Amino acid sequence: MDVSFMDEIEQHGGSYRDEHGQQADLLTLLKLGDANAIRLRIWNDPVGGFCNLERTVAVAKRIKEQGLQFLLDFHYSDRWADPANQWKPKAWEKLSYEELQREVCTYTADVLRTLKEHDALPDMVQVGNEITPGMLWDEGRVSGEEHDTDEQWERFAGLVKYGIAAVKSIDPDIKIMIHIDRGGDNAESRKFYDRFEALGVEFDIIGLSYYPWWHGTLDALRDNLHDLAQRYGKPINVVETAYPWTLEQPEGHEWILNQEDLLLPGYPASVEGQTRYLKDLLQIIREVPGGLGAGFYYWEPAWIPSKEEWSVGHPNNWGNLTMFDFKGQKLQSFSALKAGEENDTTLDEQPSAALIK
């Protein structure tokens, strides 16, 4: 589960409840719901301060105290890094390419060293977030005809390699994930990972975002996972996914997914539909050849829309895609995780939900 907004919500008085209405710590609720790994994003110098190093340390300590595995997602930006935005942190804007490489290395190592000092070192690290178009634009940009060149791919890969080297310098046992956004797009997934393989980028886990309304059908996801597993032989994690439990929009909110025609056929926008989606997603992951379906992370199950002042600079457009209702009460969708285990007799040989290898 990615709960990067948890800190901000809690700081502004938000809270969470179990299915019986009893208030409880969010991480405890997730663990009881059969989640076993937590993902956090880190921004360099974000407006408002949340998701910076100081707050990441505080939340990471809680994750470790719960005995949950921890995935740290470096955006290498002061704000969202995604297929449409891979902008450098303001402090890095005037650096040369060589200086940028060194800064990626130094910053990554400093973050991890600080976490290590607080007994909160991640088990896995993403060097970049949804880096299909490259990262740290424009030096590491590979999207668009002008930038999709051998030279630019080498520069992009060079930046990633410096990040990976920094991670391994702090702890060589930390797994490296390379994350793109093309869960249902095999051609683009192959193009990306073929390039990285040819350029000698050494990493451990393939990470894919898969949101059905953007990335295609569950069949397209299945086909892509099977091909990538056979082609590269690496564990694959669907590191971002979500599905709506309602299309209701409280006054003052406009959800990013609010149309019936964007839903998967047979998966209504209801708790039951969300549960069915999760069960079927889990089954697809379990069926990846060679046991290489490493699990999934739900994004963001607890981003509840209770207060307008939360999420400064990024208003909540996700409140119907959570696994908690608008008031923070846990939904029955969590049963998909436990039910999947009970119905799968080969579970002892297969990774369970959200497992990091």
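Reader: Which elements are included in what covers the buried residues of helix 8?

Author: This is a predicted model, in which local features need pLDDT of at least 70 and side-chain atom pairs count only at pLDDT 80 or more, while totals for chains, interfaces and linings use all residues. Residues are numbered from 1 along each chain as its sequence is written, and side-chain values use heavy atoms, with hydrogens and water left out. Helices (H or I, at least four residues) and strands (E, at least two) are DSSP runs numbered from the N terminus, and contact means heavy atoms within 4.5 Å. The cover of the buried residues of helix 8 includes helix 6 (186-198), strand 7 (205-209), strand 8 (236-240) and helix 9 (271-286).

Reader: Which residues of helix 8 are buried?

Author: A residue counts as buried under 20% relative accessible area, as exposed over 50%, and as partly exposed in between, with a 1.4 Å probe and protein chains only. An α-helix has 3.6 residues a turn, so residues three or four places apart point the same way. In helix 8, the buried residues are Leu218, Leu221, Asn224, Leu225, Asp227, Leu228, Ala229 and Tyr232.

Reader: How far does helix 8 reach from its first C-alpha to its last?

Author: Helix 8 runs over residues 218-232 and has 15 residues. The expected span of a helix is 1.5 Å times one less than its number of residues, and helix 8 comes close to its expected 21 Å, with a reach of 21 Å.

Reader: Which residue follows helix 4 with a positive phi?

Author: Helix 4 (97-117) has 21 residues and reaches 30 Å, close to the 30 Å expected at 1.5 Å a residue. What covers its buried residues includes strand 3, helix 3, strand 4, strand 5 (124-127) and helix 5 (150-170). With a phi near 55 degrees, the residue that follows helix 4 is Asp119.

Reader: Is Leu281 buried or exposed, and at what relative accessibility?

Author: Leu281 is found in helix 9, and leaving aside its neighbours within four places in sequence, this residue is in contact with Leu221, Thr241 and Phe296. Leu221 is one of the buried residues of helix 8, and the C-alpha atoms of Leu281 and Phe296, 15 residues apart along the chain, are separated by 8.9 Å. Leu281 counts as buried because its relative accessibility is 0%.

Reader: Which side chain makes a polar contact with the side chain of Trp245?

Author: Trp245 lies in the loop between strand 8 and helix 9, and this residue counts as buried because its relative accessibility is 12%. Leaving aside neighbours within four places in sequence, Trp245 is in contact with several residues, among them Ala269, Gln274, Thr322 and Phe324. A polar contact is a pair of N or O atoms within 3.5 Å, where within protein one must be able to donate a hydrogen and the other to accept it, and residues adjacent in sequence count only if both atoms are side-chain atoms. At 3.1 Å, the partner of the Trp245 side chain is the side chain of Thr322.

Reader: Which side chain makes a polar contact with the side chain of Arg39?

Author: Arg39 lies in strand 3, and this residue counts as buried because its relative accessible area is 0%. At 3.0 Å, its side chain makes a polar contact with the side chain of Asn129.

Reader: Which residues does Ser77 touch, not counting residues up to four places away in sequence?

Author: Ser77 lies in the loop between strand 4 (69-74) and helix 4, and this residue counts as buried because its relative accessible area is 1%. A polar atom of the Ser77 side chain lies 3.3 Å from the backbone nitrogen of Arg79. Not counting residues up to four places away in sequence, Ser77 touches Trp43, Asn44, Trp87 and Pro89.

Reader: Which residues lie nearest the centre of the largest pocket?

Author: On a 1 Å grid over the protein atoms alone, a cavity is a set of points where a 1.4 Å probe fits but cannot get out, and a pocket is an open set with protein on both sides within 12 Å along at least five of seven lines, while lining residues have an atom within 4 Å of a point. About 450 Å³ of space lies in the largest pocket, where grid points are joined across faces, edges and corners and a volume is the space filled by probe spheres set on the points. Of the 24 residues that line the largest pocket, those nearest its centre are Trp80, Asp82, Glu130, Trp214 and Trp299.

Reader: Which element gives the largest share of the lining of the largest cavity?

Author: The structure holds 1 cavity of 30 Å³ or more, and about 80 Å³ of space lies in the largest cavity. Its lining includes Ser4, Asp7, Leu40 and Arg41. With 3 residues, the largest share comes from helix 3.
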